Amino acid sequence: MNEAFANRHRQSTMASRNLSSLLLVALLVFAFSVGSHAGSIAVYWGQNGNEGGLADTCNTGIYSYVMLAFLTTFGNGQTPVLNLAGHCDPPSGTCTGLSSDIRACQSQGIKVLLSLGGGSGRYSLSSSDDAASVATYLWDNYLGGSSSSRPLGDAVLDGIDFDIEQGGPDHYDELAKQLSDFGNQAGTKVYLSAAPQCPYPDQYVGNALQTGLFDYVWVQFYNNPSCDYSSGVSGLSSAWGTWTSSLPSSTVFLGLPASQDAAGSGYIPPDDLTSQVLPAIKTASNYGGIMLWSRYYDLNSGYGAAVRNSV
């Protein structure tokens, strides 16, 4: 009787252990699947002196990518101009103080990129030689090269962002290739990102994106009612599907205004984003998260903090 009881006890114990093992495996598989679709938040910083410092922005713990906006003048033989609004004045050398902030961000694993272009400025590329000249300038003054006049000091940025919204589409593919080649020759990685408008293909960086060299693409799903949230979840997700399927080698982000004041259309209330939009777009294997325009608006609205655990 005691031996039979002992046998039943051993069998029961083994069954419990097997069940526990199965539950553990199931939990690990679930955790992995959730983690594989977990996204990050990217943000543009630099166009409002009231948005706080760069180091403070990174210290929030909200962002994984910060784009310094913008290099507003370049190409056509022009002297490049960095415009960081009220933060500092490049000609007088006061922006070199950002080097310590850039390194502080990078020490937290945050990638810091210089954004080219923006909605206003004077920029375009006139030829292959022009693209090569701009690439050399960027490499020497912001990336791994050397120059006596580095506007942001000796910190080495992680890459270059293409926010091209005017001036024509020509030669940006060559600029991307040259920047990538500079990194390869130096044994380092130059990250490339772009911020196209959501109507596909983008009229300015569409050709460049076809190079397959862009690591991150934060598609601007705002100021474009035909494909942003103005068209509803179905319209947005349809455009999203076109972008993600067309750029299989890039990680794609949903670009959003961080408040209603940040754009003319496309604002998505945080509850709508987390309950309706994200479930519809996260199924894409190259989903990366969201991009917010901009740190100033996000600071005032708290949008990024409200949604980051769902991204």
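# Salt bridges and helix faces

Student: Does Asp154 count as buried or exposed?

Tutor: The model is predicted, and its values are computed from the atoms. Asp154 has a relative accessibility of 55%. Exposed means over 50%. Asp154 therefore counts as exposed.

Student: Which residue forms a salt bridge with Asp154?

Tutor: The closest N and O atoms of the pair are 2.9 Å apart, and a salt bridge needs such atoms within 4 Å. The partner of Asp154 is Arg103.

Student: How many residues apart are Asp154 and Arg103?

Tutor: Asp154 lies in the loop between helix 4 (128–142) and strand 6 (159–164). Arg103 lies in helix 3 (residues 98–107). The pair links distant parts of the chain, and the separation is 51 residues.

Student: How many salt bridges does a search of the whole structure find?

Tutor: One joins Asp154 and Arg103. Another joins the side chains of Asp215 and Lys189, at 3.0 Å from N to O. This pair also links distant parts of the chain, with its residues 26 apart. The number found in the whole structure is two.

Student: Lys189 is in the loop between helix 5 and strand 7. What length does helix 5 reach from its first C-alpha to its last?

Tutor: Helix 5 has 15 residues. At 1.5 Å a residue, the expected span is 21 Å. The span in the model is close to that, at 21 Å.

Student: Within what arc do the buried residues of helix 5 fall?

Tutor: The buried residues are Tyr172, Leu175, Ala176, Leu179, Ser180, Phe182 and Gly183. Seen down the axis, they line one face of helix 5, because they fall within an arc of 150 degrees.

Student: Which exposed residues does the face of helix 5 turned away from its buried side carry?

Tutor: An α-helix has 3.6 residues a turn, so residues three or four places apart point the same way. In helix 5, the face turned away from the buried side carries Asn184 and Gln185.

Student: What arc do the buried residues of helix 8 cover?

Tutor: Leu273, Val277, Leu278 and Ile281 are the buried residues of helix 8 (residues 270–281). They are on the same side of helix 8, because their arc around the axis is only 95 degrees.

Terms used:
Residues are numbered from 1 along each chain as its sequence is written. This is a predicted model: local features need pLDDT of at least 70, side-chain atom pairs count only at pLDDT 80 or more; totals for chains, interfaces and linings use all residues. Side-chain values use heavy atoms; hydrogens and water are left out. Buried means under 20% relative accessible area, exposed over 50%, partly exposed in between (1.4 Å probe, protein chains only). Helices (H or I, at least four residues) and strands (E, at least two) are DSSP runs, numbered from the N terminus. The arc is that of the directions from the helix axis to the C-beta atoms. The expected span of a helix is 1.5 Å times one less than its number of residues.
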